[in-house]
Amino acid sequence: MTAAPEAVAGESTPVLSAVDVTKHFVVRGAVGDSSVVRAVENASVDLHEGRIVAVVGESGSGKTTLARMLARFYEPTTGEILLDGVPATGRATRTYHQDVQLIFQDPFGSLNPVHRVRHNLDRALRIHDRRLSASERRKAAIELLERVSLTPGEDYLDKFPHELSGGQRQRVVIARALAVGPRVLLGDEPISMLDVSIRLEMLNLLDRLRREDGLALLYITHDIASARYVCDDVVVMYAGEMVEGGPKEEVIARPAHPYTKLLVESSPDPDRVGTLSREELFDDAEALGEPPSLIEPPDGCRFHPRCPFAMERCRTQAPPRTDVGGGHWARCWLHQEGRAEEIGATTFAAALANRDKEVRS
Amino acid sequence: MLPSLWSNPKVRFGLVVVGFFTALAVLGPWLTESVLGVDPRANDISAIASPPSAEHWLGTTQFGQDVLAQLVAGARGSMFVGVLAALIGTALAIAFGVTAGYFGGTVDHILNFVTNLFMVMPVLPLIFIVSGYLRGTGLWVIAVIIGVFGWAGGARTLRAQTLSVRNRDFVLGMRMLGESHGRLVAVEVLPHLVGWIASMFLGALIGGILAEAGLAFLGISDSGSISWGSMIQAAQSQSAVLRGIWWWFVPPGLCIALIGTAAAMINFGVDELANPKLRAGTRRVIRRTRRAERAVAAEGGAA
């Protein structure tokens, strides 16, 4: 079930892994009727020391729910979260969080506006190690701030969140998470609310934490370009299901699932071969469709209503997982039907136009 | 925070008045004995129901008691009931509202049920029954009764506010560090409710003073103690209104109105601080703006 190459997976057990986790939320209506939102279905992901796994998908694809299950804010409806191969359900969340920390998407909401930076770090250090003296904690707090490139650290200790920029806040949030000495960092779209000009620095920071401290990172994003920049492995989610995964170069260069292809093609890329501009490719946004309802997901493959390659079988049966080599896998009927090369043969938009033509004729 | 509160004229008025009455309540006995040299309970037979004079600044009652001395002593009684009732009410509101909002689930169901129960209870008849049952009601008991029956509305407000704060990312973030629930409530959530709690306390203070006056007027009070309510009640029972002894009931009435206004003023000020849109332009700001406009116009004319 790993997205990492076999070489690595064989050597070590993953620090943190989700095994076939499913999360259903029950929504109660005003008149007592209830419906089930299938936020995540049978998702699996492995996080290894010193590696970054990116989870890519559009809004509402279940990325955040997956991260929050890994952070144990929600218990999965079925499936298990394993920390060092041991089910996490038995452990107190308090000790669990000594190993696993989550970085929230919104740096403006994840620091209490009434407390100084010092309070956040000091509490974290104190909870982590009660024996530390006040001066030791101060020193450790400054070190943490400098580790996330807030230098000189002393200048930031007495600042309130509103005195910091979005990027600085996110760094403080990361420093706070690092204060408890975690082995796994879950980033829930950690850069999506930051100014474009500082995103790269944040990605470099994550990369440095991975390299220097050997942290296992989960990087959630809707932007496949940033995933390509920083991660080792990519998992693509669509409507609560994982549709494709593998080493990033494989997945991005040779998408094995039509949805991944759509994602890759809709992200701007100056290197992409081809004369068509993005506007020409996707001039008719409506034709691309929109994500399905998670209360009544489509039967069969959840992507079939939007898929230009959809067959009769896609409408009724969920596709099985197919390995396409090199740790790269996808869930798509095209691989079972021997039509895999069709994905690479054309662009998504062209395939879509082709399908529409067929429907009309 | 404090300097900006003080710079607001409404708050300044409110604070001065509340401070004045608080001082009166604290220094009351010393003031009446040493400064005025009158015992508020002493009957001066030579001056029965006499209008304000040099000797009795606010006149005397039907029983020959000095109204000013009674007013000062009454400030202590009324403020005591108001503050104690507000303290009890606010503490209960925080305990029920914040706990229910923070923990949710079954805890919320139970606490919310109790809150709703207290909300729909007919408070006034209940107070009659309870105070009738506890015979010989002192001000202390009155305050406890008012506090215990008056927290439900505040608890609902705090519950709603807590619900919105506890799911904010910073609470989750601190919880992830391993903070205990107690600290999360006290250090992360409560500071966001301070404005609500302050205004609730001031509201409860007015409510407590008014409730005490109302109960005293209806005859439920400690006959031995003096409060503004019991003064008005005594004036009423001696038909002071019909006989034109206005100096007996107007001063305590005014005091109640004044402290109510003052507390409301502080509340307005706190609201304005929290929501700058409510702020009205002060005369100073308007004058400064006009002066700037004139200066610009003069410069334009010269050029």
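Trainee: Which strands does H2(A) lie across?

Mentor: Helix H2 of chain A lies across S3, S6, S7, S8 and S9 of chain A, running at about 155° to S8(A). Contact here takes C-beta atoms, placed from the backbone, within 7 Å. Axes are lines fitted to C-alpha atoms, for helices over the stretch in contact, and angles run from 0 to 180 degrees between N-to-C directions. Helices (H or I, at least four residues) and strands (E, at least two) are DSSP runs, numbered from the N terminus.

Trainee: Where do the coordinates and numbers come from?

Mentor: This is a predicted model: local features need pLDDT of at least 70, side-chain atom pairs count only at pLDDT 80 or more, and totals for chains, interfaces and linings use all residues. Residues are numbered from 1 along each chain as its sequence is written, while chains are lettered from A and ligands numbered from 1 in the order in which they are written.

Trainee: What follows the helix?

Mentor: A:Arg72 follows H2(A), and its phi is positive, near 60°.

Trainee: And the sheet, what is the strand order?

Mentor: S6-S7-S8-S3-S9-S10-S12-S11 in chain A, an open sheet of 8 strands with mixed pairing. S6 (100-103) and S11 (321-325) are the edge strands, each pairing on one side only. The twist averages 20° from one strand to the next. Two strands pair if DSSP finds at least two bridges between them.

Trainee: Which sense do S3(A) and S8(A) pair in, parallel or antiparallel?

Mentor: Parallel, over 5 bridges. A:Val53 stands opposite A:Leu218 in S8(A).

Trainee: What about S9(A) and S10(A)?

Mentor: Those two run antiparallel and are joined by 6 bridges. A:Met237 has A:Met242 as its bridge partner. The two strands form a hairpin with 2 residues between them, and A:Ala239 in the turn has a positive phi of about 50°.

Trainee: New topic: how many residues are in the largest nonpolar core?

Mentor: It has 169 residues, and those with the most contacts inside it include A:Val53, A:Leu70 and A:Leu218. Helix H3 (residues 67-103) of chain B gives the largest share, 21 residues. Such a core is a set of buried Ala, Val, Leu, Ile, Met, Phe, Trp, Tyr and Cys residues joined through C-beta atoms within 7 Å.

Conventions. A residue is buried if 20 or more other C-beta atoms lie within 10 Å of its own, exposed if 12 or fewer, and partly exposed in between; C-beta atoms are placed from the backbone. Two residues are in contact if their C-beta atoms, placed from the backbone, lie within 7 Å.
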